[in-house]
Amino acid sequence: MKILYNARIYTFDKARPLASVIAFDHGEIIAVGDDELLTAFGRADKQDLQKYTVLPGLTDAHLHLQYYSLSLQKIDCETDTLEECLQRVKEKVQKAKAGEWILGHGWNQNIWGNWPSAADLDQIAPNNPVYLTAKSLHAAWVNTTALKLAAVGAGTPDPKDGQVQRDSKGEPTGILLENAILFVSDFVPEPGTAALAAAIEKAQPILWKMGLTGVHDFDKRDCFLALQQLHAQHRLKLRVTKNIPVELLDHAFKIGLRTGFGDDWLRIGSVKAFMDGALGPRTAAMFQPYIGEPENKGNLNMDVEQLFEFTRHAADVGLGMTVHAIGDRANHEVLNAYEQLRAYETENGLPHLRHRIEHVQVLHPDDVPRLAKLNIIASMQPIHATSDMIMADKYWGERTSLAYALKTQLDAGAHVAFGSDAPVESPNPFRGIYAAVTRRRPDGSPGPAGWHPEQKLSMQQAIEGFTTGAAYAAYAETRQGILAEGALADLIALEKDPFICNPEEVKDLQSSATMVAGEWVLEF
Ligand SMILES: [Zn+2]
């Protein structure tokens, strides 16, 4: 048994919000209280936390663990100059074996002033294929070795919805746009299970430092295999809720897999479907056209009947659903399908599962109360509000009063769970908490009041999204996101108290020590 004492413990347990002593054994909390526990558990091993602030370990309720972990192994191409980027590529090439793929991400030709070219890379990487994706993911920059491997030359026609950039003689320049990216990306080898498991293992300490002890993962089969391998080898030290892609629903149905199967480390979450696209490419399904594009209302990926069929099929075996919906029309249709599903669950004596909508990015005013009414979880990403604000104002205009409307959903009584959608954004939950509380970017924009300040959350609400909210979405509210008897001993220690410090300091908070299952995985 072990005791941590002399701490400022925010338990997120309504029965006892504050404490200074916590006792745990075999990875589980046995008591939370104050100095009386020091005498009650007199023989326990004691550790003085020297007034550090303690919170439950945070959970990112929407992240792509595989792509995030692999992104950490790529060259960071987000540099101010082309030369800097080339220098990084050169260093990577020097350490690589001949023929090994060199991967990178994050360049932006607008910052560099010009498109880069294959020739730039050929000088430093004559023998390795190089594949570097743009920050936008709408372009890739490759070298001649990669073009040759993919057999892309002057005679290669452009694909549908894509373009091979060419010089005056018709030769590829090394820039591939949109679907032309697939010409080369199809040749980039996928990492095997062991390599992916190793990448995830390397990502764990980075996530612990950010304060995360749990994630809800939205990647697919390869990621699940890697997670199971890590788990079997006792290398998994994050609590993972694993969602299943809807294209595999039938297989899950046939083997009788259901939401909740697994253990405290790795558990089956929901079936993930996509109702629409995104704001950036203006493919999110809207009731009214995008500003400046009178013909464009985005696209629905399926109709409500099709979606209801998926949800019904899933519900029959006890699988919950989670549906990506960005636009107001997409959210509306998903809510319609869930309304039918609730009736179906009732008629058939099935449990009302905790179905979710991912993003809930903009709602029609009539739909605002419906998530709470149907008990649908709003899985939202506070950081998207400030990352997207300029784009959202430009294309949605006045509709942004109900966009990224965290507070509106809380006020309506919906359960909310917060995440980052990493690697789209950093998984750092304190960046998300900062955005939720200030509605500002770390650079202070759009000004002191923040963007749609009426949507600002309290610190308590913001942290709840990453603790009790995420736990509820995973049916883990008695185990995770709370420091109470019977919960897992997953916690973080902070040098500064986010409830007291200047909100500006919150964006830079990091965990000084992170405990998972009663063990300091990140030490002071
Ligand atoms: Zn996602």
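A residue counts as buried here when its relative accessible area is under 20%. The model on screen is predicted, and that cut-off is used at several stops below.

**Stop 1: the zinc ion**

Select the zinc ion and the side chains around it. Three residues coordinate the ion at 2.1 Å: His62 through NE2, His64 through NE2, and Asp421 through OD. Along the sequence, these donors follow the spacing H-x1-H-x356-D.

**Stop 2: Ile383**

Move to helix α14, residues 382-396, and pick Ile383. At 11% relative accessibility, Ile383 counts as buried. To see its surroundings, leave out the neighbours within four places in sequence; Ile383 is then in contact with Ser420, Glu425, Arg431, Gly432 and Ala435. Draw a distance between the C-alpha atoms of Ile383 and Gly432: the value is 4.7 Å, for residues 49 apart along the chain.

**Stop 3: helices α8 and α9**

Select residues 193-210 for α8 and residues 221-232 for α9. The axes of the two helices come within 8 Å and cross at roughly 70°. An angle from 65 to 115 degrees counts as roughly perpendicular, so this description applies to α8 and α9.

Show the side chains at the contact next. On α8, they belong to Thr193, Ala194, Leu196, Ala197, Ile200 and Glu201. On α9, the residues are Asp222, Cys223, Leu225, Ala226, Leu227, Gln229 and Leu230. By class, the contact residues of α8 and α9 divide into nine nonpolar, two polar and two charged.

**Stop 4: the six-stranded sheet**

Finish at the open sheet, where six strands follow the order β3-β2-β7-β22-β23-β24 with mixed pairing. Its edge strands are β3 (18-19) and β24 (519-522), each of which pairs on one side only. Zoom in on strand β23, residues 513-516, beside β24: the two run antiparallel and are joined by three bridges.

Conventions:
Residues numbered from 1 in each chain as written. Predicted model: local features only at pLDDT ≥ 70, side-chain atom pairs only at ≥ 80, totals over all residues. Heavy atoms only, no water. Donors = N, O, S within 2.8 Å, 3.2 Å for Na, K, Ca; no water. Helix = DSSP H or I, 4+ residues; strand = E, 2+ residues; numbered from the N terminus. Buried < 20%, exposed > 50% of the residue type's maximum accessible area, 1.4 Å probe, protein only. Contact = heavy atoms within 4.5 Å. Pairing = 2+ DSSP bridges. Axes fitted to C-alpha atoms, helices over the stretch in contact; angles between N-to-C directions. Parallel < 35°, antiparallel > 145°, perpendicular 65-115°, else oblique. Nonpolar A, V, L, I, M, F, W, Y, C, P; charged D, E, K, R; others polar.
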